[in-house]
Amino acid sequence: MQHFKVKLFATAQDAPVHEAIAVFHRWIQESALDETLIDVADYLHVPQGPGIILVAHEGIYSLDTENGRLGLTYTRRTALDGTDEERLRQAVEAVRRVAELLESSPEFHGKLAFDRGQWEVAVNDRLLAPNTPETFEKLQPALAGVFPGKQFAHTGERRQLLRVAVS
Amino acid sequence: MKASNPQWRDVLASRIAPHLAAEIDRFDNEAALKKQGKLEDKVFAETRLRRGAYGQRYDNGQRYDGKVARTLTYPSANTKGPHTLWDAPGMQRIKIPYGGLNAEQMEVLAELAEEYSDGIAHVTTRQDFQLHFIHIEDTPTIMRRLAAVGITTREACGNTVRNVTGCPIAGVCRTESFDVTPYAHALTHFLLGHPDCQDFGRKFKISFSGCRDEACALAHMHDLGALAVIKEVNGQPKRGFEVLVGGGLGTVPQQAKLLTEFLPEEELLPTAQAICRVFARLGEKKNRNTARLKFVIQKIGIEEFRRLVAEERTVLAQDERWTAFLANVDGAAEQAAKPSALLQITGAHDIGFERWRSTNVYAQRQAGYVTVTVSLPLGDITANQLRKLADIARSYVRETVRTTVEQNMVLRWVSEADLPALYAELASVGLSEAGAGTVVDVVACPGTDTCKLGISSSRGLAGELRSRLGAKQWELDEAIRGLHIKVSGCFNSCGQHHVADLGFYGVSRNKNGYTVPHFQVVLGGQWERNAGSYGLAIGAVPSKRVPDTVERIAERYLSERTPGESFHAYIGRIGKAKAKLMIEDLMTVPPHDVDPSFYVDWADAREYTTGDIGVGECAGEVVSPIEFQLTACEREVFEAQLALEANEIARASTLAYEAMMHAAAALLSWRVLPLGDGPDGIAANFKTQFIDTELFWDPFAGGKFGQYYLAAHERHMAWKAGGAGPDQDATRRLIEESQLVIEAAHSCYAKLASQKAA
């Protein structure tokens with residue numbers, strides 16, 4: 001499987017998300033991430049939308065309210081070598097690293113924090129990973145490898161991407 | 001790019017019409033050729049533009065980060081157009097003729113937004129959808145997935161007939177002459193890919209309106225605007241159109257001129273064809289700034305244009321498509337999903353519902369039915385919202401959905417009694433915002449967010465205005481609430497600022513040693529009466545002062561207007577000088593050390609620059625038909641190579657031979673020489689006209705390449721007559737020769753074209 005989409009949920013819903021515009025632009029100036037950072041886009045006007053996004057060649061980071069919950073999402077765009085577990089781990093590590101950077105960004109004044117126990121994993125490719133119980137089953141080893149000791153639940157309706165709640 | 005791209009072609013093979021599949025395969029092959037460096041930048045740029053694959057800001061690999069201009073380092077140094085990097089994100093425009101969509105199409109758009117873009121599908125001011133941050137290598141798959149549900153991106157950009165727009169309430173409108181939908185549909189499909197529309201110097205826009213007095217489809221700002229008219233002929237009502245031509249916005253806005261007051265319905269398609277032929281023949285091809293139809297009419301006058309169109313009409317070969325669609329015009333009407341029923345309000349009064357109903361619901365002429373406008377902030381909708389809307393379209397109406405030029409979507413044929421339930425369902429995904437078509441429903445083009453030409457942040461400003469006006473919209477006077485605000489990121493007018501009450505377009509000013517984002521203020525344009533008149537530009541204000549400018553102008557209008565005076569009439573009455581005085585104090589910029597926020601645009605954090613403005617692809621490159629034909633020949637050779645690799649010898653040989661023949665035919669056609677009868681005729685005429693005359697001549701190889709073609713022709717004909725077929729080695733050789741013949745055809749064309757120009 002390719003193109004993992006991983007979301008880490010925020011502990012509170014009232015964080016000053018708009019501050020991410022300045023933070024993401026600063027990261028581009030500072031080359032703060034190892035990816036080719038391209039631009040920032042503001043979708044705060046869209047309810048339950050992508051919020052503020054940082055577009056990289058390799059993937060997109062968003063501080064979003066998709067499905068009504070604030071969180072940090074990484075969506076892998078380019079394909080990666082390796083096993084499913086390695087690809088999933090790359091996305092999870094990208095989220096962990098950016099979450100730490102966001103939490104420590106002075107622009108948020110400590111008002112943005114993430115709950116490391118609340119994750120959501122999706123696969124952003126309907127052909128490689130159709131949203132079926134079989135695909136969920138196939139994903140189990142990678143999930144267990146990256147999130148040892150966690151519970152996994154197949155969520156979302158049939159037309160959505162394959163989504164797994166990790167808790 | 002997506003790992004699944006190679007598999008989609010096979011998965012969707014049975015779901016795409018063969019001719020559409022072939023078109024997309026050709027594009028896919030051209031992209032592969034470009035990646036191998038075998039196509040010219042300008043040719044591939046126009047090729048992808050004609051399929052809606054557009055460039056996006058920073059795709060030259062340079063971006064100002066607020067401190068320095070930074071090079072964006074992409075994995076590939078390859079390009080997909082002049083100064084346009086292969087890996088840089090681009091935009092995919094998706095044509096939605098007259099905005100008509102069904103539920104399945106919405107679901108696929110949702111999937112594409114999610115899988116290839118940033119999760120947002122964006123509705124444009126021409127009823128299209130756009131997806132941003134797309135990789136060029138994903139575009140063939142996107143096109144296939146769209147084609148599988150009946151959507152094409154063909155001719156969405158480039159020098160082509162663009163999306164045909166139409167009134168979103170056509171067929172249910174209370175004031176229309178008749179439903180223009182089937183006419184818009186027929187003309188869309190008639191002109192799509194039509195040979196007479198392939199040699200324009202610039203784009204060509206068409207709209208259909210059902211009535212004259214409403215905004216409808218903004219006929220006056222189109223190259224061809226058709227207004228439905230019913231006229232009594234021999235005592236019988238007869239359908240037809242008032243036809244307007246040569247309108248347009250852009251840097252030089254021009255109101256369309258009347259071509260004819262009444263064009264009978266059966267003359268619509270041939271007359272449009274004749275107009276396109278005149279435009280292709282007389283339109284400017286070198287200077288794209290003067291290449292729209294309006295400049296042709298400006299130059300020769302409407303009388304002469306009318307005469308030329310009439311003359312062209314008489315020489316057109318009869319085409320049964322001109323009238324075939326008329327047999328089904330009345331049968332094409334939509335049906336409701338549910339019986340009509342009046343709204344029954346029970347229980348507590350819901351102020352949110354009432355406000356939404358007052359602005360977003362339109363009573364159809366069919367009793368008991370309403371059209372519901374779903375307000376999309378800045379035209380944006382998420383994948384989840386699109387899926388929910390698809391569900392609603394199935395549950396409440398018979399999938400009768402349209403996009404609008406105000407960047408919203410409408411659900412038609414809603415039974416009035418269903419409104420509370422429908423409202424609740426929309427609210428569950430954040431789609432129940434009130435204020436459609438009012439002052440808070442601000443329209444904006446992409447501007448500096450993604451457009452290469454953007455000067456100021458139109459979306460950032462629009463978002464700010466929506467937010468500020470939205471907070472107090474129900475306290476505003478009715479006269480203010482009814483105003484229209486439209487914002488463009490530059491003078492090219494994609495936000496249609498000329499036809500707004502309050503229009504703004506992005507400019508920059510140098511102040512205090514810095515470049516400062518500004519917006520030119522354009523007042524009093526008329527949205528109604530089909531974009532009846534354009535506004536007055538009165539001066540530029542800093543971006544950060546635009547919200548105050550709106551407030552100031554609105555207050556003055558409210559206090560100074562005469563009873564019943566529209567904003568358009570008010571601005572006309574007070575004039576440009578007085579209007580400018582009204583905001584003169586807002587044109588100032590504080591020094592940088594006093595308020596640095598003026599030097600940063602809306603929704604941005606970087607110090608402002610105009611250094612990121614790139615070269616627009618809006619007009620594309622003017623690529624002559626012969627260049628496209630020779631590109632198609634190269635693609636045939638490429639396909640021949642693929643066939644050879646797959647051990648399909650006969651197919652490979654045929655493709656390689658036909659590529660040579662098509663190159664010869666392209667040169668003959670370009671010189672307006674007869675092709676003759678079939679392959680033999682082409683070979684004979686090419687020999688006489690190009691080989692014997694030594695026009696097809698290489699300074700080093702002499703006439704060798706021409707002989708390759710003639711020899712290949714003889715062998716091919718002998719094979720087809722029952723002789724021995726080609727083997728693998730001979731086919732490999734033939735493919736190499738074919739490539740050389742095409743290269744020689746390019747050289748021949750370049751040489752003759754330069755002689756012609758001299």
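In the predicted model, helix 8 (residues 293-300) and helix 9 (residues 302-315) of chain B pack with their axes 6 Å apart, at an angle of about 110 degrees. Because angles of 65 to 115 degrees count as roughly perpendicular, helix 8 of chain B is assigned a roughly perpendicular arrangement relative to helix 9 of chain B. Helix 8 of chain B contributes Val296(B), Ile297(B) and Ile300(B) to the contact, and these residues meet Ile302(B), Glu304(B) and Phe305(B) of helix 9 of chain B. By class, this contact has 5 nonpolar residues, 1 charged residue and no polar residues.

Most residues other than glycine have a negative phi. Tyr98(B), although not a glycine, has a positive phi of about 45 degrees. Tyr98(B) is located in the loop that runs between strand 6 (90-94) and strand 7 (100-101) of chain B. Tyr98(B) counts as buried because 24 C-beta neighbours lie inside 10 Å, the cut-off being 20 or more. A positive phi, of about 60 degrees, is also found at Phe133(B), again not a glycine. Phe133(B) belongs to strand 9 (residues 129-134) of chain B. With 24 other C-beta atoms within 10 Å, Phe133(B) is therefore buried.

Between the chains, 33 residues of chain A are in contact with 40 residues of chain B. On the chain A side, the elements giving two or more residues are helix 1 (20-30), strand 2 (37-43) and strand 3 (51-56). The residues on this side of chain A comprise 16 nonpolar, 12 polar and 5 charged.

Notes. Residues numbered from 1 in each chain as written. Chains lettered and ligands numbered in written order. Predicted model: local features only at pLDDT ≥ 70, side-chain atom pairs only at ≥ 80, totals over all residues. Contact = placed C-beta atoms within 7 Å. Helix = DSSP H or I, 4+ residues; strand = E, 2+ residues; numbered from the N terminus. Nonpolar A, V, L, I, M, F, W, Y, C, P; charged D, E, K, R; others polar. Buried ≥ 20, exposed ≤ 12 C-beta atoms within 10 Å, placed from the backbone. Axes fitted to C-alpha atoms, helices over the stretch in contact; angles between N-to-C directions. Parallel < 35°, antiparallel > 145°, perpendicular 65-115°, else oblique.
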